[in-house]
Amino acid sequence: MNAWLIRLRKATYNTTFMYNLRMIIAFSGTAFVPYFLGYQLMTIPLTLGVVAAGLSDIDDRFSVRIMNLIYTYIGFFVTAASVQLLFPYPILFAIGLIISCIGLILLGSLGRRYATISYGCLVVSVYSMLGVHLFEQWYAQPMLLVTGAIWYGLISTISFLLFPVRQVQDKLSQCYSALGDFLFSKSNLFDVDMTSTSYQQSMISLSMENAKLVGLFNEMRTALLTRLKGDRGQSDTRRSLQYYFVAQDIHERADSAHIDYQKLAKMYEHSDILFRFQRILALQGKACKDLGESILHRTTYLHNGRFEYAFSNLRKSLEKLRDDSNYDQIWVNALFALHQNLKSIDAQLRNVETLRNINRDKAKHIENQLKDDDLKGWDDIVARIKQNLTPESVLFRHAIRVSIVLFIGYVFVQVTKIEYGYWVLLTALFVSQPNFNATKRRLRLRIVGTLGGIILGYAILYFIPSIEGQLVMLVISAVLFFELRSKQYAQATAFITIMALINFNLDGLGFEAALPRMMDTIIGCALAWFGVSFIFPDWKFRHLPRTIQRSLEAQCKYLADIVSQYHHGRNHSLNYRIVRRAAHNTDADVASLISTLATEPDFDPTQKSLAFEFLCLNHTFLSYIAALGAHREQIHDQEVLALLDQATDDIQGALLRDEMPDLTVHNMLQTIRVRLNQSDQNSSKSLIVLQQLSLMFSILKQFSTLKQSLSHDRDNQSTELASL
């Protein structure tokens with residue numbers, strides 16, 4: 001009996017199992033209830049309603065979740081009913097299609113919940129086109145689509161009530177897993193055989209891991225904020241908040257750079273010191289992943305006992321370096337600062353379980369430090385929409401692009417009378433993404449997945465002729481689609497194709513629908529490619545200088561806040577969290593933009609090389625600032641504080657105003673190096689500050705010059721485009 005209970009407990013803590021169980025129940029209901037009622041045709045809209053609702057599912061606290069569901073059902077019914085009523089009037093339908101598409105996509109500017117619901121409404125609109133002929137009454141299909149959505153909403157709400165913090169814990173687990181990947185990537189910078197090429201690749205990889213982690217942090221913050229607003233003493237939510245703060249602190253320390261890694265590899269290539277740092281970082285990466293697993297399965301995290309031995313040996317190696325006159329003591333001091341930083345990460349991981357007994361009042365105080373980005377009223381709604389009513393907005397371009405593509409697809413279907421033509425619109429909607437690279441990738445995967453789905457679908461319809469068997473396969477295909485849609489898009493497309501063929505076979509048209517499905521998919525993909533290539537093509541609006549400028553402004557604000565804390569003392573205020581998050585978010589934006597630009601048709605190879613070089617320097621500079629932030633503490637050395645203030649002004653001048661007085665920078669470096677050589681071991685904080693300033697100034701000229709080169713190149717391109 002105990003063994004059975006343990007297995008049941010593990011199953012309920014397995015998020016994938018519980019999610020798939022929810023989808024099995026949902027699709028089984030839509031497949032078999034009509035079968036037992038003897039009205040099998042109802043399966044089609046009911047199933048599509050569940051699919052649309054599943055795509056529109058939003059994680060939120062209970063009261064907001066209920067409101068989201070109501071908005072979703074109203075949106076689904078209005079959308080489906082509009083299609084049914086306007087369908088006999090092609091001109092009115094086409095006008096309505098364009099207006100509704102633009103409006104629904106622009107609703108995404110109001111926030112995640114509105115973007116998700118509006119996307120579900122777009123999906124329902126095309127599903128309604130596919131089934132407009134199924135029922136005589138105009139209201140029948142809209143009601144059945146909404147009924148399917150309500151059925152899914154009921155199941156998802158019950159699941160939420162049984163496991164209210166499950167999705168928060170899932171996100172938190174993903175954060176720690178991604179933090180582990182970040183630490184593993186960071187450990188590659190301590191490779192003794194590093195070359196300039198491998199260093200750049202390692203830095204690019206680190207930047208991409210950082211962008212992924214920052215994205216997860218933002219999602220986690222949103223999930224926490226919405227629950228904390230309606231917190232009624234939920235200790236699990238408050239504990240998750242503390243784990244989130246710990247993860248952020250570890251990230252700041254892990255992202256810190258106390259030394260030039262390329263020079264470090266050359267200087268200590270025959271020492272064991274690099275191996276020891278690399279091993280500890282790898283162990284900490286594994287520890288973060290283990291912590292993520294313990295959060296997911298609600299088990300106690302056990303800190304690895306090897307850390308104590310590893311840190312002890314690292315300390316001994318550092319002491320030997322300090323006693324060896326052959327090594328530059330400035331570099332040795334920097335390694336001691338790195339050792340101290342890693343010890344702080346170790347302390348966070350070692351003591352993380354003590355957060356289970358956190359004081360409630362402290363939790364409430366920290367709760368107020370999360371910045372709320374939700375809508376504040378009608379003025380905020382109008383302001384956000386206005387911000388996106390310009391071709392400079394990615395959302396606006398995507399709205400115009402998709403609406404035109406769907407309009408062209410609709411006109412094509414009306415003119416050619418192509419069989420099952422509205423699959424063209426469905427394909428174009430699913431494949432079209434805001435940027436060229438993502439759309440191009442989906443084109444290939446969609447075609448491959450559809451072809452595979454048709455082959456498997458034919459086999460299923462041929463070898464499983466019974467209705468009961470096909471309904472079972474429909475449920476399995478639908479569940480696998482949801483399981484794979486965010487992981488393996490081609491496989492997910494194959495399973496949704498199988499589901500579609502089985503649905504059509506319920507109307508007696510399964511075999512006939514297979515070939516048109518393939519042709520319509522190819523046409524829809526071609527339309528999506530046309531849209532992303534020629535309708536507001538993304539690369540003509542890729543203002544790399546603007547993204548770079550935002551990143552540099554955010555880094556300068558981050559630096560200024562840190563410098564202030566060296567003057568007045570360490571704090572973890574809301575403002576500090578905001579500027580730190582902004583610096584990492586904009587760094588992630590730069591990484592995402594440059595990686596996307598590199599795949600676009602008109603990206604110059606020379607500029608591509610410069611862009612990736614800038615990407616590495618941008619993240620390196622942020623890492624130098626993060627190291628100052630990790631060690632921030634009030635210091636009383638007035639000369640060092642004066643240097644900090646002067647350095648901040650010089651850095652802002654170089655990065656924001658393109659002021660690069662070489663003599664000033666040279667003098668600043670000379671002053672810092674003199675102080676580094678004069679400082680004794682008792683002024684460790686001052687040593688760290690001086691060392692970090694030295695690192696920042698050592699790359700400042702190259703960083704500023706590279707920024708100006710990229711800005712100049714893109715400005716020239718913009719001028720050329722404007723003259724066309």
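Let me begin with Y71, which counts as partly exposed because its relative accessibility is 37%, partly exposed being the range between buried, under 20% relative accessible area, and exposed, over 50% (1.4 Å probe, protein chains only). The model is a predicted one, in which local features need pLDDT of at least 70 and side-chain atom pairs count only at pLDDT 80 or more, while totals for chains, interfaces and linings use all residues. Residues are numbered from 1 along each chain as its sequence is written, and side-chain values use heavy atoms, leaving out hydrogens and water.

Y71 sits in helix α4 (residues 62–86); helices are DSSP runs of H or I with at least four residues, numbered from the N terminus.

I turn now to the salt bridges, of which the structure holds 17. The criterion is a side-chain nitrogen of Lys or Arg within 4 Å of a carboxyl oxygen of Asp or Glu. One of them joins K171 to E219, with the closest N and O atoms 2.5 Å apart. This pair links distant parts of the chain, since K171 is in helix α8 (residues 166–187) and E219 in helix α9 (residues 196–229), 48 residues apart. K171 is partly exposed at 24% relative accessible area, and E219 is partly exposed at 38%.

Within helix α13 (residues 306–323), E319 and R315 lie four residues apart, about one turn of the helix, and their side chains meet in a salt bridge of 3.3 Å, N to O.

A further salt bridge, 3.4 Å from N to O, brings together the side chains of R384 and D380. R384 counts as buried, at 18% relative accessibility.

Finally, R22, D57 and R65 are linked in a network of salt bridges.

Technical notes. Helices (H or I, at least four residues) and strands (E, at least two) are DSSP runs, numbered from the N terminus.
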